[in-house]
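This report goes through one structure part by part. Please look at the sequence and the model first, then read the sections below.

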There are 2 protein chains.
Amino acid sequence: MINKKKTTIKDIASVLKISPAAVSKALHDDSRISAKTKAAVKKVAAELNYQPNHLASALRKGKSNLVGVIVPRANSNFFSSVIQNIEEVLNKEGYNIIITQSHESFKKECNNIDTLLFTQVDGIIASMANETISLDYYEKIKSKGIPLILFDRGENDLNVDYIGINDYNSSHMIVEHLVEQGCKRIAHIGGYKRTRIFNNRIKGYIDAIKKHNLPLDSELLIESNLTIEDGREKMIQLLALKNRPDAVYVAGDYAALGALQVLNEQNINIPKDIALVGFGNEPFTAMVTPAMSSIEQHSAEIGKLAALKFLEHAKKEPFVKQTLNKVILDAELIVRDSSNVKAQ
Amino acid sequence: MINKKKTTIKDIASVLKISPAAVSKALHDDSRISAKTKAAVKKVAAELNYQPNHLASALRKGKSNLVGVIVPRANSNFFSSVIQNIEEVLNKEGYNIIITQSHESFKKECNNIDTLLFTQVDGIIASMANETISLDYYEKIKSKGIPLILFDRGENDLNVDYIGINDYNSSHMIVEHLVEQGCKRIAHIGGYKRTRIFNNRIKGYIDAIKKHNLPLDSELLIESNLTIEDGREKMIQLLALKNRPDAVYVAGDYAALGALQVLNEQNINIPKDIALVGFGNEPFTAMVTPAMSSIEQHSAEIGKLAALKFLEHAKKEPFVKQTLNKVILDAELIVRDSSNVKAQ
DNA sequence: TATATTTGCTTAAACGTTTAAGCAAAAGTA
DNA sequence: TACTTTTGCTTAAACGTTTAAGCAAATATA
């Protein structure tokens, strides 16, 4: 039952006694092929169960119709949702995507880039690993003339298209919300300062605190790798202060979860004693007790826009200089029990 | 700075005044090429920043070195961990993977299969969508002679390799554990009966209940699609019974989470009033309150074995009949607070 | 020394498609 | 009628690699 030999354009040609070139054109609805021939070709193609050889056409046309996607990890809701939306948009245009994960490792990210270049992808859509410092590998992509689009974790130094949310404003929203709830001593467990998005969140936090004349205590501003474990540690660190905060804003949901666990374990009332806000609106934030306030990053939109940006590049002639474009979306604060002091 | 023209084997050949064939062989360490020539070729290749054209070699060799992976969704920890391990094993052997998601939709799954076949993957590793009934598309893969390996969600009717856990035994372990904890009326919110793995869990549940002479009440055995929402609904349904269960075993962690939310909302003590056990050991099971008992499915191992199975096929001559192999791993019950009655 | 084997390369075809160029026949135009 | 244009195809080369076949020179064997 196994039919090893694949039908090619030549097989169709020989059945119809026309040239392979005519078959190719018929299948692509070339205007110089008669309707009758087109119909005949398509009929035979269907009968012989013809499947175009993607490799051959990619080789000839110099494009693979593959787009590489690099994410720190696929199992967070944010990234998987971005990926899903990239996929939807690109599939419609005949592109497939290859997903690779860096697991926040710089070395793995470099490998991924090499792998994607080796696979001859037509473009790369990426969100950088936390570890990434050197941009050499990304420059390599650019130097090969392959469209590169960054989202979420990007770098300003690399002059490429970028889609992300307004991290600075998001921090403002959070601080303002906590102030409204009556909080007076707001801590921030932030991400790595060297990563642009986390740095922006920190700046937003600082400026908002200043704006409201609240204490800008260095004890209250902590740098973290934003894992659950580190979230726990940093929360414990905050609880050890003589002068405890009455609110904690964590720059990532996973770390916020660690903080929440510690607060629950120590029977500290959330939000009365300490209000808590995360970042990312991962589904579990709605599931924990108490449900956690967080920032919705519009992952679906980010994915769609990133894919559209790529398509824009792909459709342009290679020598046309692209106008660079940074798209900054507004995020949304989802208030839940963990910071809803007044409702308690 | 953009170097559009890529270096090819011919460029290297003309620099060294040898034939392209010699270059190709030198790069592949062919025994018939002198050490001196090999060194020279590699030196020039490096200087010209030569990157092999994967498409050309794939076309010539008739293989793409790509493996397709189909999962219901990538954002559950189970699937993302399986994927990661598949990737690790296959990357070492020079393969890349293309990840596609079916989102539990039969139609999307069929599209994914077509896409992967079109991309000329050398093999497909898949876990079926809940919705999948017809196996025509999977038969299509087989009929093309492309290695197909299923994991987790598989079908016995398709005669292909399979890696999964022992669902039947897992149910036994859970029921036995609950009996040990003193539970007498154990309910099961199961998955779709038509999906083999869920059916096996149901059978295991029934047999274990019978073995312990516990009530096998039809009210206590409910079919669910295992989403959070449905978990909530089915739990509410169980609570509405005149004769409530004192333990609930849910065939999926997400649905179990829905059940847990309902119990918490109604201030029903877990595990004293009702003990709860999930399935899959998703990370959030350890994070919720109370922490939820669940079954660890050894996703890393499943991923590795699936990849190795593929490699086995890939290395064999196509006409050698493969010996089919179903690998059934033993799962592990992780006991946490939600079913630890005695510790309370 | 004569013959066989090995070494180190070259030649040329092939993988399946696309596409520029070309050409005869049909159709349109003056 | 004589021409230009359009239609509908064919021919042949190209994409970059791999590989079977072949061949001369070097080396081994008897």
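## The surface near DNA strand C

The residues of the surface near DNA strand C fall into eleven nonpolar, seven polar and seven charged. In this classing, Ala, Val, Leu, Ile, Met, Phe, Trp, Tyr, Cys and Pro are nonpolar, Asp, Glu, Lys and Arg are charged, and the others, Gly among them, are polar. A residue is near a molecule or strand if its C-beta atom, placed from the backbone, lies within 6 Å of it. DNA strand C is surrounded by 25 residues, and the closest are T8(A), A21(A), N53(A), A56(A) and S19(B).

This is a predicted model, in which local features need pLDDT of at least 70, side-chain atom pairs count only at pLDDT 80 or more, and totals for chains, interfaces and linings use all residues. Residues are numbered from 1 along each chain as its sequence is written, while chains are lettered from A and ligands numbered from 1 in the order in which they are written.

Which elements each supply at least two residues of this surface? They are α1 (9–16), α2 (20–27) and α4 (54–61) of chain A, with α2 (20–27) and α4 (54–61) of chain B. Helices (H or I, at least four residues) and strands (E, at least two) are DSSP runs, numbered from the N terminus. With five residues, α4(A) gives the most.

## The surface near DNA strand D

DNA strand D is also surrounded by 25 residues, of which S19(A), A22(A), T8(B), A21(B) and A56(B) are the closest. Two or more residues come from each of α2 and α4 of chain A and α1 (9–16), α2 and α4 of chain B. Here α4(B) gives the most, with five residues. By class, the surface near DNA strand D has eleven nonpolar, seven polar and seven charged residues.

## Where the chains touch

Chain A puts 36 residues into the contact, and chain B puts in 36 residues. Two residues are in contact if their C-beta atoms, placed from the backbone, lie within 7 Å. On the side of chain A that touches chain B, α4, α5 (77–92), β2 (96–101), α6 (106–118) and α11 (253–265) each supply at least two residues. The most come from α4(A), with five residues. This side has 16 nonpolar, 19 polar and one charged residues.

## A sheet in chain A

Chain A has an open sheet of six strands in the order β2-β1-β3-β4-β5-β11, with parallel pairing. Two strands pair if DSSP finds at least two bridges between them. The edge strands, β2 and β11 (326–329), each pair on one side only.

Within chain A, strand β1 (residues 66–71) and strand β3 (residues 123–126) pair in the parallel sense over four bridges. V67(A) stands opposite G123(A) in β3(A).
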